[in-house]
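Hi everyone, thanks for coming.

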Amino acid sequence: MLPRSTQRTARALAGALFDTGTGIPPARLDWLMHDAGEFLGHAGPKTRWGFIGLLLALEWLPFFFGIFGRFSRLGIEKRERFLERLESSSVAVILAAPKAALGLVYYEHPDVVAELGYGSRA
Amino acid sequence: MTLLAVQTGRSIEGDLEVRAQVAVVGSGTGGAVMAAILAEAGLDVVILEEGPYIPDHVYQAYRPTETLRYLGREAGTTAVLGLGDSPLITVMAGRGVGGSSLLTGGVCFRVPEYIHDRWVHERGLGDLSAEHMDAAFSSAELASSVETVPEHMRSKAIRRFVDGATKLGIPVKPLRRNTSHCEGLARCNFGCPKGAKQSVDKTYLPRAIVAGARLYSDVLVEKVTTKGGRATGVEGRLLGEKTAKGQPKKGRVRVIADHVVIAAGSLHTPLLLMRSGLRTAGVGRHLTLHPGFRMVGRFEDPVMGWQGALQSAYIDAFEKDGLTFNALFVPPSVLAAGMPGVGREFADRIQHMSHLGIFGCLVHDDDGGRVHRIPGREPLLTYRLSPRNKVALIKGAKILVEIFLAAGAREVYPPFFGMPPIRSMAEANTHLVDSLSARRMECVTFHPLGTCRIGKDRDSGVVNSYGCAFDLAGLTVADGSIFPTSIGVNSQLPIMAMATRIGWRLRETLRA
């Protein structure tokens with residue numbers, strides 16, 4: 001599992017990336033945290049610690065992009081605005097890696113797959 | 001279902017000491033071919049694989065990230081650090097019995113003629129001409145059931161794309177793949193659910209085992225042992241669960257062999273040679289990657305990209321620019337992981353997965369990468385994208401945008417972080433300019449090559465054209481690391497062909 005402080009950031013990030021407007025059920029986020037932790041366990045210590053480090057950076061970076069407050073405490077609109085600015089910046093890679101790890105796992109949740117109408121095994 | 005007789009390192013108590021005529025390190029595309037050829041010639045062969053053995057009926061049921069967890073090196077998160085104006089590049093490499101062949105889309109190309117000509121005329125490697133390698137390619141194609149993907153196996157998304165290319169006068173050709181009875185489920189690179197992909201765990205490895213080769217999984221080879229300037233075997237350790245006291249498994253591995261074949265791939269073969277004290281200057285240098293990207297086009301109506309072969313068509317009309325374009329599809333999870341965008345817009349794109357068509361581009365690149373030895377099991381990888389390769393990638397992006405728009409796509413999502421969707425060529429010309437920072441590119445590779453490359457002598461390479469190390473007798477390298485340059489096309493079949501001709505030669509040498 002991911003450390004609890006990191007989970008807060010990861011949940012906030014998932015909300016700002018994968019919510020289509022209807023909100024993400026908490027149980028699905030719980031599953032995401034568990035399965036992402038398991039996935040990163042297979043990736044080895046370098047990747048796992050890198051992931052945690054990038055999430056920590058995300059938590060404190062909004063200030064440097066003109067948005068005041070820690071990432072996990074921002075409202076959804078401010079989180080999205082910050083991520084847009086971050087993705088257009090020269091340090092977009094800080095977002096890319098956590099987004100990749102969470103996206104890989106989130107879109108394998110059986111309910112998400114069903115919502116997408118994806119016809120093959122996710 | 002194919003079940004191989006594999007002894008797992010995890011099941012071995014104590015140490016493992018084995019004697020053989022040939023020790024093959026790695027059971028992927030190169031190692032499997034070598035093992036089959038040498039075992040069928042009556043030689044006593046031992047194959048050592050670092051990864052686990054997962055039978056096909058097990059991995060066929062995996063989710064994509066489960067495939068990455070259990071069969072991908074570092075769970076598919078291996079990355080190459082970009083130096084200067086270069087992107088961070090994710091490298092997909094296998095780690096398990098069957099190696100990276102388990103994770104390919106099955107695409108099989110021969111090495112293009114112009115690459116052979118370059119090897120012969122610029123590198124002085126006469127026996128790597130297309131004519132010299134023809135028999136080896138034919139043998140590998142036959143063994144791997146290489147067949148042309150029929151047009152009816154193309155998804156609606158790819159048929160649309162082909163229509164767009166045709167309007168622009170760009171020819172699209174059918175791909176060839178190593179499949180048998182493919183049902184078009186579009187997830188070959190995460191383990192074909194029907195077992196149709198003919199990865200080496202279904203072809204060469206069963207042949208090797210039937211001929212008497214012994215295959216050990218979960219064995220990490222750490223060095224080649226030598227005596228008097230000659231390889232005498234390999235040493236390493238058994239991998240497995242920690243003991244009840246939390247200590248790592250302690251079992252050591254020692255294989256005494258007359259000849260050692262290294263086929264651990266372009267990232268780990270040089271690392272193993274460095275750890276073994278080989279001092280040839282080229283070891284770990286000249287890494288080429290075929291940096292590539294996915295372009296995604298969104299259509300008004302559903303185009304069901306997953307209903308058809310994962311990879312069915314390609315474009316080689318821009319070969320002179322070093323560009324190859326391949327049709328492909330990726331599951332939603334993989335698409336979401338790599339597609340730029342944030343917020344509701346991003347979620348909306350993935351939500352409309354059924355409307356998305358995907359085409360890939362890769363560039364025949366210069367040798368700007370390097371494998372560095374650092375503490376730990378994995379190497380540090382660095383890569384500097386050459387300016388001309390960057391310009392080629394941007395040109396490739398523009399070509400794909402143009403084709404998608406001609407095909408009727410409403411908008412196209414370029415692989416650059418922070419770039420808005422493109423809806424016209426005017427927008428493409430505004431955004432996709434040569435001054436664009438390559439660091440913003442979402443880049444991936446499946447074909448690392450060249451880190452122990454073939455040369456005429458030890459000043460220009462690490463091995464000769466038959467994979468024999470210049471600086472250590474009794475050592476052969478037979479994987480993607482020996483390619484003299486990048487090849488501009490998928491490397492699976494070329495590695496098999498190269499290993500085939502090396503195996504044929506070694507077979508005669510060892511028999512003598």
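How many helices and how many strands are there in chain B? There are 13 helices and 21 strands, where helices (H or I, at least four residues) and strands (E, at least two) are DSSP runs numbered from the N terminus.

Before we go on, a word on the model. It is predicted, so local features need pLDDT of at least 70 and side-chain atom pairs count only at pLDDT 80 or more, while totals for chains, interfaces and linings use all residues. Residues are numbered from 1 along each chain as its sequence is written, and chains are lettered from A and ligands numbered from 1 in the order in which they are written.

Let's stay with chain B. Its radius of gyration, taken over C-alpha atoms, is 22 Å, close to the 24 Å that the globule rule gives for 512 residues, so chain B is as compact as a globular protein of that length. That rule is 2.2 Å times the number of residues to the power 0.38. Along the principal axes, the C-alpha atoms of chain B fill a box of roughly 65 × 50 × 40 Å. Of its 512 residues, 60% count as buried. Here, buried is for a residue with 20 or more other C-beta atoms within 10 Å of its own, exposed is for 12 or fewer, and partly exposed lies in between, with C-beta atoms placed from the backbone.

Now please find helix 1 of chain B, residues 29–40. It has 12 residues and reaches 17 Å from its first C-alpha to its last, close to the 16 Å expected at 1.5 Å a residue; the expected span is 1.5 Å times one less than the number of residues. This helix is largely enclosed by the rest of the structure, because 11 of its 12 residues are buried. Among them are Val33(B), Met34(B), Ile37(B) and Leu38(B). What do the buried residues of helix 1 of chain B pack against? They pack against strand 2 (16–25), strand 3 (45–48), helix 7 (204–210), strand 12 (252–262) and helix 13 of chain B. After helix 1 of chain B comes Gly42(B), with a positive phi near 90 degrees.

Two loop residues are worth a look as well. Ile487(B) is in the loop between strand 21 (475–477) and helix 13 (492–511) of chain B. Is Ile487(B) buried or exposed? It counts as buried, because it has 26 C-beta neighbours inside 10 Å. Leaving aside neighbours within four places in sequence, Ile487(B) is in contact with Val111(B), Ile115(B) and Pro494(B); contact requires the C-beta atoms of two residues, placed from the backbone, to lie within 7 Å. Tyr114(B) is 373 residues from Ile487(B) in sequence, yet their C-alpha atoms are 9.3 Å apart in space.

The other one, Ile454(B), is found in the loop between strand 20 (443–445) and strand 21 of chain B. With 27 C-beta neighbours inside 10 Å, Ile454(B) counts as buried. Beyond its neighbours within four places in sequence, its contacts include Leu125(B), Ile482(B) and Pro484(B).

On to chain A. Its secondary structure comes to six helices and zero strands. With 122 residues, a compact globule would have a radius of gyration near 14 Å, and chain A agrees, at 14 Å. Its C-alpha trace spans about 40 × 35 × 25 Å along the principal axes, and buried residues make up 42% of the chain.

Let me zoom in on one helix pair. Two packed helices are described by the angle between their axes and the distance between the axes. Helix 2 and helix 5 of chain A pack at an angle of about 115 degrees, with axes 9 Å apart. Axes are lines fitted to C-alpha atoms, for helices over the stretch in contact, and angles run from 0 to 180 degrees between N-to-C directions. Residues making this contact include Leu32(A) and Phe39(A) of helix 2 and Leu102(A) and Tyr106(A) of helix 5. Helix 5 of chain A is mostly covered, with 12 of its 14 residues buried.

Finally, how do the chains meet? 34 residues of chain A are in contact with 37 residues of chain B. Which helix of chain A gives the most to the side that touches chain B? That is helix 5, with six residues.
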